[in-house]
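Biologist: Could you put the model up? I'd like to ask what some of your labels rest on.

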Amino acid sequence: RIPGSKALGIHQAEGVEIATRYLKKHPALQAYWETLEHQIRTTRIVRSFSGRKRHLYAHGDQARREGYNAPMQCGGADILNLTIVRVITALPMVWYVYGVHDSFWFAVPEGACTVWELHDVVEQPFTINGHDLMIPIEWKPIRRSRV
């Protein structure tokens, strides 16, 4: 039951058939979902790729939904937080100002480092479930004059 499938014009039988074919091509994914389902049912705890716990307090379908979403949502938050730590560790003269969703604002004193130095730190790959993943970034440098 995927509510968005109806909006996309995918009928239930067609959706089941598409999902079945996909899972046959990717057996590791089926095993992952089964492991996740077991964790949701028995421990009510799921983890992000970095090991961070998410306790599930809901019951029934709501717990399953939270349990299936949490590893990816927590993993995304882990990547954002670990990126901030990488930057301020490698470039201590750079200050983390704030972040909103998937955006960061850093304050970089003029001449403290180049955009490329910052770029090299931010685009270091993360190892996620045995795979190296580099998150591409976009820059919007903003120069603020002193008041």
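Biologist: What makes I84, V87, L91, V94, F106, C113, L118, V121 and V122 the largest nonpolar core?

Modeller: A nonpolar core is a set of buried Ala, Val, Leu, Ile, Met, Phe, Trp, Tyr and Cys residues joined through side-chain atoms within 4.5 Å, and these nine residues make up the largest such set. Its largest share, three residues, comes from α5. This is a predicted model: local features need pLDDT of at least 70, side-chain atom pairs count only at pLDDT 80 or more, and totals for chains, interfaces and linings use all residues. Residues are numbered from 1 along each chain as its sequence is written, and side-chain values use heavy atoms, with hydrogens and water left out.

Biologist: Which residues does L91 contact, leaving aside neighbours within four places in sequence?

Modeller: C113, E117, L118 and V121; contact means heavy atoms within 4.5 Å.

Biologist: Why is S48 called buried?

Modeller: Its relative accessible area is 6%, and buried means under 20% (exposed is over 50%, partly exposed in between; 1.4 Å probe, protein chains only). So S48, at 6%, counts as buried.

Biologist: What joins the side chains of S48 and D78?

Modeller: A polar contact of 2.4 Å. The cut-off is a pair of N or O atoms within 3.5 Å; within protein, one must be able to donate a hydrogen and the other to accept it, and residues adjacent in sequence count only if both atoms are side-chain atoms.

How values were computed
Helix = DSSP H or I, 4+ residues; strand = E, 2+ residues; numbered from the N terminus.
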